[in-house]
Amino acid sequence: MSSAVTLEKILTFVVDTYMVEIEEIPLDESLIDEGIIDSFGLIELASFLEKAFLIPINDTDLTRDNFGSVNKMIALVHRKKSNA
Amino acid sequence: MCGVFGVLDANNQNKKKIVLNALSRLNHRGPDEWGVYLNKFVGLGHTRLSIIDIEDGQQPMQSSDYIISFNGEIYNYLELRSDLESQGYSFNTNSDTEVILKLYESIGIDCFEKLNGEFAILIWDKKCEHLIAARDRYGIRPLYALQHNNAFLFSSEMKVFDTLDNYKREINAQNLFEHGLFWNTLADNTVYKDILTIESGTFEVFNTSGRIVKERYYQVGESFKVNETADNFVNTKKAFKELLNDSVSLRLRSDVPVGTYLSGGIDSTIISQLVKNQTNHTFKTFSVAFNDKSLDESDFQKLASKKVNSVHHEVKISNRDVDDNLLKTIYHTERPIFRTAPIPLHLLSNKVKETNTKVVLTGEGADEILFGYDTFKELKILKEWKMSNGDSAAIESLKELYPHLSHYADARQFAFIKMYYEGFLNDFENEFNGLNIRLANNKIIEKYFNKSLGLKFDKTTLLEKFKTTLPANYSSWSLLQKNSYLEIKTLLQGYLLSSQGDRMAMSNSIEGRFPFLDHRVVEMAFSMPDDYKLKGFDQKHILKQAFESEIPKEITNRPKRPYMAPDLIAFIDSKGKLSDLASTLLSDKCIEEYGLFDTKIVKRFLNKFKNGVPENTGYRDNMVFMFLLTSQICQYWINNPPEVELDMNKCVVDILDM
């Protein structure tokens, strides 16, 4: 799966779930800090990533390094897929 | 409780019609009697709920050169009266109304700081030809002002202005947005264009040309001295208990029966216990119960009732009740709400009325003054986290927060909580303090507004505006004292005392009284060391300790749980169908017609619930839905004001003083 496809899937999920326009989603900022999601939103996002990309997310994965921006989430997905 | 109205206009000699039209809309606040006073300059109106000196306390009341229309209770009126009598003043009635008048006659505008109570006061000073508008310290009783066609108008409720010729209320979108962010508008703003509020703890003086004075007679925290050594815990506990007891004692002064609300939590249980200690007869208690077991607290309510030996009444609320009563509730609140919690209180006040009780004591204020909310814990944790540079003990204590929200307890989800709070580490010590968290949670509503309104969440600009509303000594307070102040000014005043408190009680002509908001109690609590109030993570520590032996342990030991009613699930069924009310007011057509919100975004939001409301739906979705729906309802009531007749047989005062 290419980065572009992963990006599109994530962005579509965020647009549909959090009432923002696609152009309003920052790719390198924290979605929480931008007020797009709250802590519950992170849980929804992690569940979405697991289901959409068929990857396991462990407790140790739950860090700002992995979830701190859309680009970081794409990197996480690809890392998980390449380890599978 | 009562309704007041005033019109200051020397050019209009037909003020009677204006006043009578206004009073028809204040009927619910004062169904027993009404009165009007008119002279060349001013018209004053009053609708009365008779509680003290039923026989003689009619208003507007005149005494020598002063006329008053007042909504509220002055609890220390007997002491003030005694003082005035010793100075040679004589009284014609037994009312607290006359005490205010005579006090004003004696010391003028210095009178307000002497009053212990809750009030919205209009006084016409014939000598100076001034109208004075004053409001109590915490905004318990409402008072609004509007300039229209060179007239200055004052009213207990904003809907009254709908009766004016050539006037229609208009929502101010920027203020509506601010209301959505903070749970209150800032300074003297309201959500409507041109309508201002007389700020709590202030009075304003008007002549026929306009306002000439605005002065603050009280500021929260004014008696706190930074370098003063506090008394020890045991002495403070004793003094606090005695003061709270006295506060209850004053608030039992009434010529009609007094009951209490019981939420099942510690604050209202303590108030009820204090009432029991002071009365030698059984009194009534009132509670809201829910069919939904996850919201119901009736076991604790019944336990409390049994302890105080009260005659207990409850209203049982279904999801359907919430939907059925929202429209009427917002008629009374006049502003959007963020949760449905006020609605059952509208139904509860009806139950109170049915039992022929007019007055209830309730527990509002305790959480704000004694650090009862979880925001206080959050701030404490953030501070310790920041100081410890990521020490795990400080972070682990995040788990203490919000036990009633199941997803906080799960270990996996804990990691996300940590990520969420990390974002506040840089900001929580700025002037927004605990409001940084509320802003972060609420700012998403920006996305829902109609794009053509051009609203933008600009935290920097908002912070600058916000700073101008803060008291001069704000920076000298501790982190938690600041949060206490902010919760009093936003959540308490903007929502709990108004939408949930005064307006819901008043909707059925019931008067709520708040012993924790006796200003002596508030000031004593404010001045206490932080750890008397939040010891470790024990909230309202000193209160629990003071009443340890008198309150059932099951109630004292309950984790903090906010009173809540069903939100989204009351309006959307399990198949995703919206109730008639919601589907009409959130339809594309209505959203477009009212112009406040973006049709596409609202539709997308509602689409989330097309298969019903997911079980783990969080704060945000519930809040957004209620904010959208109730903002629409506010506009609905502007467009469809009801016609209300004034019962001319209930006129008790009709003074034409030309």
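How many of the seven residues of strand β1 (residues 2-8) of chain B are buried? The model is predicted, so local features need pLDDT of at least 70 and side-chain atom pairs count only at pLDDT 80 or more, whereas totals for chains, interfaces and linings use all residues. Residues are numbered from 1 along each chain as its sequence is written, chains are lettered from A and ligands numbered from 1 in the order in which they are written, and side-chain values use heavy atoms, without hydrogens and water.

Seven of its seven residues are buried, so the strand is largely enclosed by the rest of the structure; buried means under 20% relative accessible area, exposed over 50%, partly exposed in between (1.4 Å probe, protein chains only).

Then show β9 (residues 151-155) of chain B, an antiparallel partner of β1(B) over four bridges, where Val7(B) stands opposite Leu153(B).

Proceed to Arg29(B) and Glu157(B), which form a salt bridge with the closest N and O atoms 2.8 Å apart. The two residues are 128 residues apart in the chain, and both are buried. A salt bridge is a side-chain nitrogen of Lys or Arg within 4 Å of a carboxyl oxygen of Asp or Glu.

Finally, select Lys456(B) and Glu446(B), whose side chains meet in a salt bridge (3.5 Å, N to O). Lys456(B) is exposed, at 58% relative accessible area, whereas Glu446(B) is buried, at 12%.

Technical notes: Pairing = 2+ DSSP bridges.
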